[in-house]
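I'll walk you through a strand, then the cores, then a pocket.

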Amino acid sequence: MMSLLCITIISLTLAGSAYCEMTNPHSKLLVKAELGGNVTLPCRHSSTDSYFFNSMGMRVKWLKLADDESLNEDVITSMGFHNRIYGSFENRVFLQKSDSYDASLFMTEISMDDVGKYRCEIISGEEETIQDVFLEVEHGIINGVVFPYSPRIGRYNLNFDGAVQACESQDAVVASFDQLYEAWKGGLDWCNAGWLNDGTVQYPITKPREPCGGSNSKPGLRSYGRRDKTRSRFDVFCYVSELNGHFYWLVQPERLTFAEAVKACLDDGAEIAKVGQMYAAWKLEGYDRCDAGWLADGSVRYPISRPRKHCSPNEAAVRFVGFPEKHLKSYGVYCFKADQ
């Protein structure tokens, strides 16, 4: 039985890599998949006696198991030609059924939420097969920085096309799930939901609390799933991978209006810096300055890589002051000179 299962897995390497290990009381397998890819979780009926086996009467149930049994999730149930798929697995899973004994589960669009232990239960007459499968998801190392963004008009005002344009205007692109996941692992905690480049809307929580999915929930990425790209309105998570130029604070004898800030950078042979450029300088070069300054979108921010009193006492962060009235002479300016 074990060799048959391993042969099955080897034949499925295009869908995901895996290796096998037999334990008691059930057969258990470990399957690895790439983030965003497809994978097959193997399961076959143990009967080899066709006299007792009736594939049309074979009942199949897949579950995703939790530490607390009451939190187990149904994935799919099947009997004959009748299938039912549940929750977030809808439109993403189906039974392989390469032959009469096969109840393997094919999954698409793998995300980190899919990581965990799955159980396949097959009942045919008086015979029962139970197969446990552990799914791991592999992801690459992301070099760059993810930052949340909302425009001057306020939060939750961007449809998907608006989100794409917003990131591009700040010298960035819409982040992927993998990039947001890496940012969450690095400590990004943000309670406003934003678009990702796959059309889903999510937000990262490292410190669970009531307004952000509940204080009893676990840390992780909260997902609203795929939303209507035209009508739905959210913020966006942007990603910038490099800083192709010189980001700096322009020393001036006095504070500036927004128009004066733009002109001051131009007079210095540069342009007023964008939000993505500030984040790249902060994250990739450790840029640190405790002076609030104008940026190209009309916002005022400052980057702190060394937390300290009166600047950002508890964490390294790009601090957001707001979108003040542009005629105010209350701030300096950050400029950017692109590489030639």
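**A quick walk through the model**

Let's start at phenylalanine 94: if you skip its neighbours within four places in sequence, it is in contact with Ile76, Ser104, Leu105 and Phe106, where contact means heavy atoms within 4.5 Å. This phenylalanine is found in strand 7, residues 93–95; helices (H or I, at least four residues) and strands (E, at least two) are DSSP runs numbered from the N terminus. Between the C-alpha atoms of phenylalanine 94 and isoleucine 76 there's 7.8 Å, with the two sitting 18 residues apart along the chain. Phenylalanine 94 is partly exposed, at a relative accessible area of 45%; buried is under 20%, exposed over 50%, partly exposed in between, with a 1.4 Å probe and protein chains only.

Some housekeeping. This is a predicted model, where local features need pLDDT of at least 70, side-chain atom pairs count only at pLDDT 80 or more, and totals for chains, interfaces and linings use all residues. Residues are numbered from 1 along each chain as its sequence is written, and side-chain values use heavy atoms, with hydrogens and water left out.

On pLDDT (the predictor's confidence in each residue, from 0 to 100), the chain averages 86, and 86% of the residues score at least 70. Over residues 1–25, though, pLDDT stays under 50.

Now the cores. A nonpolar core is a set of buried Ala, Val, Leu, Ile, Met, Phe, Trp, Tyr and Cys residues joined through side-chain atoms within 4.5 Å. The largest has 65 residues, and among those touching the most other members are Phe147, Phe247 and Trp294. Helix 5, residues 275–285, gives the most to this core, with 6 residues. A second, separate core has 24 residues, including Val39 and Trp62.

Back to helix 5: is it mostly covered or mostly open? Mostly covered, with 8 of its 11 residues buried, Gln277 and Trp282 among them. Just after helix 5, glycine 286 takes a positive phi of about 70 degrees. As for phenylalanine 247, its contacts beyond four places in sequence include Gln277, Met278 and Ala281.

Last stop, the second largest pocket. Its lining has 34 residues, with Pro148, Leu188, Asp189, Trp190 and Tyr279 nearest the centre. Helix 5 turns up here too, one of the elements that each supply at least two lining residues. By type, the lining divides into 17 nonpolar, 7 polar and 10 charged; Ala, Val, Leu, Ile, Met, Phe, Trp, Tyr, Cys and Pro count as nonpolar, Asp, Glu, Lys and Arg as charged, and the others, Gly among them, as polar. A pocket here, on a 1 Å grid over the protein atoms alone, is an open set of points where a 1.4 Å probe fits, with protein on both sides within 12 Å along at least five of seven lines, and lining residues have an atom within 4 Å of a point.
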